Every structure is written in C-alpha cells, then in structure tokens.
Amino acid sequence: MERRQLLVGAAVLGTSMAVGWCLLHGVPRPLSRMFGKAGIASKHRHITAAASGSPAGKLALDPSRYPKIRRDESILETLHGVEVADPYRWLEDPDSKETQQFVAAQNELTSSVLSQCETRQQFNDLLTELFDYPRYSCPRRHGHRYHYSYNTGLQAQGVLYSQGSLEGEESILLDPNTLSDDGTVALSGTAFSKDGQLMAYKLSSGGSDWVYIKVLSVDQETGETADLEDKLEYVKFSSLAWTHDHKGFFYNKFPEPKKGDLGTETDINLNQQLCYHVLGQPQSKDAIVWACPDHPAWMLGAEVSADGRFLLISVREGTQPTNQLWYVDLQALPEFSKEAALDFTPYDYNSGPKALPVVKLVDDFEASYDYVANEGTVFTFQTNYQAPLYRVVRTDVEFPSSPSGWQDVIPEHPKDLLDWASALKGDVLVACYVADVASNLQIHSLASGSTQHEVKLPGIGSVTQFAGKREDSEFFFGFSSFTEPGATYRLDTASSNMEPQLFRQTKLKGGYVPAPQFVTKQEFAISKDGTRVPMFITHKKGTPLDGTAPTLLYGYGGFNVNLTPGFSPTRLAFMLGYGGVLAVANLRGGGEYGLKWHDGGTHGNKQNVFDDFQACAEYLADKKYTSADKLIIQGGSNGGLLVAACSNQRPDLFGAVIAQVGVMDMLRFHKFTIGHAWTSDYGNPDHAEDFAYIHPYSPVHNVRAPTGGTRQYPAMIITTGDHDDRVVPLHSHKLTATLQHVLAGHEDSPQRNPLITRIDVRAGHGAGKPTKKVIEEAADSFGFAAKVTGAKWVKE
C-alpha cells in the first residue's frame, strides 16, 4: 500500500533488505513501529573481561599477520567522570589517505584468509542456484493498470512491469538494471498519481540512503512511458504523496550536503523539510510546506487522505513508536482549484506571507497514530494510545477532542499484536495480527469493527506483502515461511467466496520444493530474569541432534522490528550445504509482542536483549542442537551491535560471528548521519544517566581478553560498505582495529581465531544491493564461518 512509504522506517536501523522490500512493495505496516514480560531495568554492569574464552576454531591466523594500525593515544576524554580513550578516531574520516590504506590492508588480509575456506565456492554455487528463481511483488492497481516488480532470479535489481489487466500483456515500466553498469542503482520507492498516469519514483546509488526523485508518465491504454524533465535532489527518508489534481506531490529533503560523493559522508542529518513539487517547475521553486528549525532532529512524513481532501503530517522524534499528528484541509485553502496546480508559495515556511492553516490534532509524543481511512472529517486511525498491542479508533476532527475520548473500532486484543490495518471499498477493514510471531489475517467491518471473516493462511508464516486500496474491493497478499519461497493470493471482498485464491506460486529452480524435507518448531529459552524468549528452529528432517550440527543463530532485538518467519535463500543454502540448523530468536526490543516487549529491550533495559540472545545460545547447546564450537551467530545493523556485544560478554558460547554493518561505537553513534534518531531506542550517551548503561555494553569500549579457557574471542568477520550512510563504516573499522590490537597485538597473544573485516565498495546498508554482491558477501561470510566451525559440505 503505497501510502505507507513513510520516512521513519528508513531512519530505523532495521533489517535493511527486508525493510527496503516492504517500503517498495508494501506490507502496510505502520512504520512508526516496526507478550511476555516487559523485563526489569538492567543493573549497570561493570566492565570486566569474560571468564572463559571461545573454543579454538579450525582456522588459525597468527597475530603477526594483522596490519599495523596507528593508535592515537592523545585522544582521551572524560565523559561523565569516566576517562574514555578513542585511539582510532582518525578512522572516522573516510576520505583520509590513512583510512583508505587501512581499508586496503584489511581487505588484503581478509582475501588471504578467505582463500583457505574450501567450501566458499561451493556455497556460492549453491546460493546462486537457489537465488535463481522468479520473485514477484503483489500486483497493484493504479488508474486502469496493474503494476508489479519482477526479478527473473539473478538480475541485479527487480524490474517494474505494467499490464492493462491481470491477464493482459506485460510491458516494462522501469528497469533499474539499465541505469548503471554495475547494478548498484536501485529503485527505492514509487508513488502514482490518483489517475495512474504519473509515477514519481526514487532512485538510490551505491547503497546510499540519499535518493533523487524522477517522474514518469504512463499511458493508461498502452502502458508506454516517457520520462519527464523533473528531477529532485538531496532527498532522504522521504515520503511521496500526490495531490489528487495530479499536478504535484509532497516530498522531503535536507539542506544540500557539503560533499559531492553522496553516501560516503558522515555529516549529521538535521533540518529535514517537507516540500511540494509542481510538475514542470525546477526544484528551486518548490515551496517549503513545513519545517521545524526549533527542533532540527524532527522528521516530517506526509500522506494525502484517500479522498484527496486532507494533507496528513506525521511528526516524529527519533524511532520510538510515537508521533504528533497534524492535518491541513486542502480544499479549504483559497488557492485550491480543480484546474490549476495547488500553489503553496504563499505558505512557504521561510518566505510566504501566509501561515499554513495546520491543525495539530495530536501535539505530543505520547503514542503513535497511523491513518487508516476517513469519511469526510471522520477519521479512523491505528494507535498504541493506552494500547501496547495496538487498536483501531475513530474521531471526528471537526470536533477535536483528546485521544482518550476517541471511539474504539477494534479494541486492543488481549494477547496478539495488531500489526497493521487497511481499509478497502465499502465496509471492509483488513487487519493483520501477529500471534506468537506468526501472521493472522482477518476481515472486519470498517463501521463497527466486528470480525467478519478469518482469512485462512497456508500455514505458520508471515504475510510479507499487501496491496489494496480504499476504492477497490480486491486485495493481494504475499505469504512465506522459512522453507517456502512464498505465493501471492488474491481475495475479492465483494465476492461470495471469501477464501483467498492462489494468484501466483513462487517456485525454486527445477521445481524444487524444500518444505516437505524440513521441520520448523517454536521453542522458548528462559532469559536471565525469567522471561520466556521465543525462537523458531528449522532443520532438515533426519539431522542428528546430538550437539554436532553446525547451527546459525540470528537475532536483532530493537526498534520494534518483528522477526516473523520468512524465506531466505542464504539460510536454505546453509541448511542444505552444511546440514545446518537455523534458529531465529525473537528478542526483547523487537515488536513481536507489542510495546512492553519493545520497551523491555531499550534504554536501560538493553542488556536484556543480550541476555535473551545468550540464553538462546545456551538453550541450543543444552538441547543438543549444537555445541559452542559449532554455533555461528549473525546479526546486521542493530543486530551487528547485538552479536558484537555478546561476543564481548560471553565469547565461550560461540564458535564464529558474522557482524554486519553494526553500530559498534555507542558513545558517538548519534554524531553521524541519522544516528541521532536512534537515541530514542538506545538513549543518549551525552546524558550521564544514559551513559551509565550504554558504556558497559558499547562493543568498541568493551573488548577484553578472556581470563580463562582458551583466552580467545570467537572468529569474527565484520562486514560493512563504503557507501553505508545509515551506520557509517567507521563503526566497523574502529571495532576491527580494537579487536586486533587488544586480542592479537602482542607476541604472546593466544588469539588464533581470525578477526577480519570485509569492506565492500559501492555498497551501503543493504537495501538495493545487487544480487551478485549479496551472493558474494554471503559466500564469503558463511564459507569463513564453516571453515572455522569445521562444518563439512554435505550437499551432493
């Protein structure tokens, strides 16, 4: 549902590749939030070395082989009474010759280590084969045509197609693969005008969060396209919302950055503006509809109500599931005309003589409010106001009142999370719940909220996509699980048959169907404070569960992100190639069980997330799924922080670590690009109270040689990209340098488990990464982890 292309999800650390797909292809999950006990505030930990080291792996790297890295001992600061050294601060400058030499030396070392990993090419070949299957998004109707994304399998980027009907002839609408030689220009978002004749689209380059916006005209009869001259730059974390006159749209931009090579800079992103672009005009004439100079960190999202009458502005501060909600009645503006483009120039925030008549319906950050539908001035919203598991409410904005007085439409469920709600034609409201981390789809009455129908899903899995509009009775949804690549279903709510009809089945190459060969079950580990932590465990039937199976434990635990079951060719390749076990942990800090679950893993409760993950690792060993020397842990972004912190705290639990694009310097994360938005989840290290709980787990500041056992850390591969302007590469660089110095910087160092980094070029945080790069990184990471843990290749 295109209206859900709000900005905050992009600013969230996120599981980027999954988030990028959702932003483009659209589960209408409110991006303001992406059971159990909330947990108790973690006590502040003293920084001490782990009592026991990691098992010795099957791949050794002599400490003498690590590059010599300069330490600047002069960088010593006193923060809230604590002396903190930062000897690698020079690595914060990505353009310095010394940093570039660091990157080159590290990549050279990594290449030599990876050359010893015999199964890397076999994994690459298998993953290439498994990736080579057709992938479709749900079709969406815009005007008189349907559009969908399609990747034949190994194309660098998916291609956008158009057809006049669901059975009609297909034509290419936009092929990003033609826009660069290396496949690194990606389509990161689209928005169609109400009549479907115009498409605004966002393109990113090299994995950067920076995008530029272009506009395409679409012939409704033939599907033929033509590029318009409009091009909008300096756009980041932007909404796209057309006014219903088809003559312009709202978008977000930042002040022009100082650096030309966008994506490699580290400057903080502040003072986002909401602008309106009139087709055919240069960007320099775009009116600034709203800005918040007194609150430079605030972010502004815009959407236009389904009837075209209202502009809804969602104001967010950081990544917490809270927002202010404002609106403008566009039809009440004197400049409103059905013939001419809406002129916001008189209301320009900086230069206009008039004040835009913004009504602040909610002007605090107490809860989140996401637009669902409206009939005139009567609005329906999804909210977590006094509802940690979310509910649907209704109010008449013509008679404003406090949210405490708004009418319940769908009350909060006693135990299941209301993930999203979407209104269709007539009296239809589709609601998706998450029940014990699996999707549950329901159809309700929009008027009364009563449940009309439970949509039967194929099994335990996730609704991964949704496409439906207020003026349509039909909707499409995608469904997948850990071993099912998925299918697209269609349901017409105007039909007497309310069961979903299979629209398109996704099949792997050669018709391979993995599901019957595998078993998936949900089990619960007990965390340090007694909280039950759910974990999905998948493996091939017949896998010996005697502690010898190589096992991959994946986690995230932050920013309200739900890790629901989903298909991954990489994980399937691991299970098939090495006879491995897959475990996906649903940690506190995520959104699987609502706000209490999320809050139990944020701020002073962040240690709960690490305790949860470590409890899952212990559970897997106790239940004989694996043993410490066979256990591989993986996490990206906030999950990179997770696996790095756990490696510091309990190196004895893990054999190998894959830490991808992680937040590793927790004392300076808020000073670069969009990092300031994450203080709502982590806290702000500039504040003494927050520093007291952040400093003891910050990966860069807590590397200590274990005092017992092997006195080693697990083998680690730390990955990043030179165009990652979400979690800038300096985080990975600093941790790599620190690990190599502290653990392998002395002649008598016992560290033989390799500590290496993989730094990709023209690659960012993950979203939009070309297929070939995805495969290469996975093959390097899992080939390395397999060598270290002694995993044998078992695929015939």
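Which residues point one way from strand 39, and which the other way? Leu 755, Thr 757 and Ile 759 point one way and Ile 756, Arg 758 and Asp 760 the other way, and all are buried, where buried means under 20% relative accessible area, exposed over 50% and partly exposed in between, with a 1.4 Å probe and protein chains only. In a regular strand the side chains alternate between the two faces of the sheet.

This is a predicted model, in which local features need pLDDT of at least 70 and side-chain atom pairs count only at pLDDT 80 or more, while totals for chains, interfaces and linings use all residues. Residues are numbered from 1 along each chain as its sequence is written, and side-chain values use heavy atoms, with hydrogens and water left out.

The protein chain contains twelve helices and 39 strands, these being DSSP runs numbered from the N terminus (helices H or I, at least four residues; strands E, at least two). Its radius of gyration is 26 Å, close to the 28 Å that the globule rule gives for 796 residues, so the protein chain is as compact as a globular protein of that length; the radius is taken over C-alpha atoms, and the rule is 2.2 Å times the number of residues to the power 0.38. Of the 796 residues in the protein chain, 64% are buried, and the C-alpha trace spans about 80 × 60 × 50 Å along its principal axes.

| Element | Residues |
|---|---|
| Strand 6 | residues 159-163 |
| Strand 38 | residues 715-721 |
| Strand 39 | residues 755-760 |

Strand 39 has six of its six residues buried, so this strand is largely enclosed by the rest of the structure. Strand 38 and strand 39 pair in the parallel sense over six bridges, pairing being assigned if DSSP finds at least two bridges between two strands. Within this pair, Gly 721 stands opposite Asp 760 in strand 39.

Helix 7, residues 606-622, has 17 residues and reaches 25 Å from its first C-alpha to its last, close to the 24 Å expected at 1.5 Å a residue, where the expected span is 1.5 Å times one less than the number of residues. Because 14 of its 17 residues are buried, helix 7 is largely enclosed by the rest of the structure. Just after helix 7, Lys 624 takes a positive phi of about 65°.

Ser 162 lies in strand 6 and, at 0% relative accessibility, counts as buried.
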